[in-house]
Amino acid sequence: MLFEYALHNDSNTIVHVDSVPNGKRCNCVCKNCGDALIAKNNGKIVQHHFSHTTKEESRDCQMTQLHIAMQLHFSSLSEITLPKNEITIDETDITVPDLTTEVKESTLEYRIGPYLADIYLATDTGNVAIEVCVTHKCDEEKERYYIDQQIDSIEYYFPLAEGNSIAKWISLIKDNLVKYKWIYHSDLEIKKLEYFEIVEKKKKKKKAKRKNSALSSLRKAISSKRIHLPSIHKEMEYDYTGQSYKETRLVYPKRNVICDKVLLCYESSDYAVIEGYSGNRVISIIYSFTEDIPALSYKDDRSIVCRHYSNESNESNAPTWTWVKHPSITVKFNQIKLQFISDCKHIYHKKEKLIYLKNEIAKLSSEYLNNRQFYFDRDYQKWKKWMIKKELFIPSQNKMSPSLPDILKMKREYPMLWPFRAWDIMVLSDLAEIVDAYPVSKKIYYCDLFIELVGKYDLSEQYRYLLKEFKDLNTSTTFDPLINEGSIIQDALYPFYIINIISVRKDHLIRKGSLILELGI
């Protein structure tokens, strides 16, 4: 950064390099270190500037130079654009836009109480103190003084580390691109007061509405001798074999209770209290007009309920009922806790059984796929006869045996057919024949198809056992297509769905054409 300003020895004032004679005749020194300066202001290529004669230009010298330059810039302005200021209160944005105003008078190092403002500007819209920060921000005591005395003030930041020239900083200021902070802004304070006035009016209006609602509810309770008792929920925790369970359960359901008599015993600007009498039992009901629950104390052991409001943002004005002091629920709590423990154990064992079933089914379906060659060798000739019988294949000298139908190649594997312990192509062919026996455009339920298919095959006993265990759990799983009857059929018929021969629903399919014909070679 080139030095454009210096302290003149004779006048003891800050001068610009272009306002003094060239060379040492400038009679100037560095304001920071006191070293004599040389004015270099005759050149036409390099920007005019001062340079030190015996000392190096230190960082402190540069900071002082930048600070002086910015002070002089602000003091030379005929008009200034005061930057915008904004604040968010309770999720509401309050903004004062930027404002360009005429500068009537400017003063450097202006005394305000015990402090000196870097620049003080008198403008058409009021006075404002400008603080220039190069490295050291305005101290907290000074900021507090500005705020307490309600002095409009802004601090601008010119970090030396950014390496900008004085001209660059001035350009950034003109474009409102210099970082700043309003220390105190009277226009923003006015807008804040206006906002709080509006909020306070809304609060009063809301409180009045809530009070009317509460008193109306209170009068109904007195006239009907009916009081409302809210529900009680308790959080329960239980650890079982390394698993932690946590749940909130209902211990006392809400109810309306008929009393012998209900009386108003207290009313203030914030709440009212009624008392319900039933035999020797007394229940106090507090009707709060706010979010607060008043602290009441009684010498007897009565129960206390409060009707209040949850929070300020609740636009519906719906009240909340809360037990302040409720009767003993120990017996009921212990009963529900025992049920909770039982449920936790059930959940754990159900989860363990699911894991067991998943692993067993995965193992058996994998074994089925690994034995596909065995089933092929055993069932191929049977399938060949079936194809010839259905006139889907006619042997010839060139081709004595049928190849696999293209449609059934659309799925690479059929692990869901493991319960039938047969070659998947044979099973699918029989399934296609069963489906074709049903009318077109009529519902065909997957479970019915499964039962008919079971009639043709020796169903695995392992499957029968695992299916019973699976149904006892009464839950859906990620391995349903390997165990659930309907899911097995739906997944197995997927190739026919792809070519639009069938349409599928949750528990049934509808046939649109012949599945058997699609198996033709």
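Predicted model: local features only at pLDDT ≥ 70, side-chain atom pairs only at ≥ 80, totals over all residues.

Mentor: Start with helix H8, residues 446–454, and helix H10, residues 485–492: their axes come within 8 Å and cross at roughly 90°. That angle falls between 65 and 115 degrees, so H8 and H10 count as roughly perpendicular to each other. On the H8 side, the contact is made by Tyr-446, Cys-447, Leu-449, Phe-450 and Leu-453. H10 brings Glu-485, Gly-486, Ile-488, Ile-489 and Gln-490 to that contact. Sort those residues by class and you get seven nonpolar, two polar and one charged.

Now for another spot, Glu-131, which sits in strand S11, residues 126–133. Its relative accessible area is 4%, and buried means under 20%, so Glu-131 is buried. The side chain of Glu-131 has a polar contact of 3.0 Å with the side chain of Lys-142. Leaving out residues up to four places away in sequence, Glu-131 also touches others, including Leu-116, Asp-118, Tyr-146, Ile-154 and Ile-183.

Zooming out, the protein has 11 helices and 25 strands. Its radius of gyration is 45 Å, well over the 24 Å the globule rule gives for 521 residues, so the protein is more spread out than a compact globule. Along the principal axes, the C-alpha atoms fill a box of roughly 125 × 95 × 45 Å. Buried residues make up 41% of the 521. As for contacts with a separation of 6 or more, 54% are between residues 24 or more positions apart.

Technical notes:
Residues numbered from 1 in each chain as written. Heavy atoms only, no water. Axes fitted to C-alpha atoms, helices over the stretch in contact; angles between N-to-C directions. Helix = DSSP H or I, 4+ residues; strand = E, 2+ residues; numbered from the N terminus. Parallel < 35°, antiparallel > 145°, perpendicular 65-115°, else oblique. Contact = heavy atoms within 4.5 Å. Nonpolar A, V, L, I, M, F, W, Y, C, P; charged D, E, K, R; others polar. Buried < 20%, exposed > 50% of the residue type's maximum accessible area, 1.4 Å probe, protein only. Polar contact = N/O pair within 3.5 Å; in protein donor to acceptor, adjacent residues only side chain to side chain. Rg over C-alpha atoms; globule rule 2.2 N^0.38 Å.
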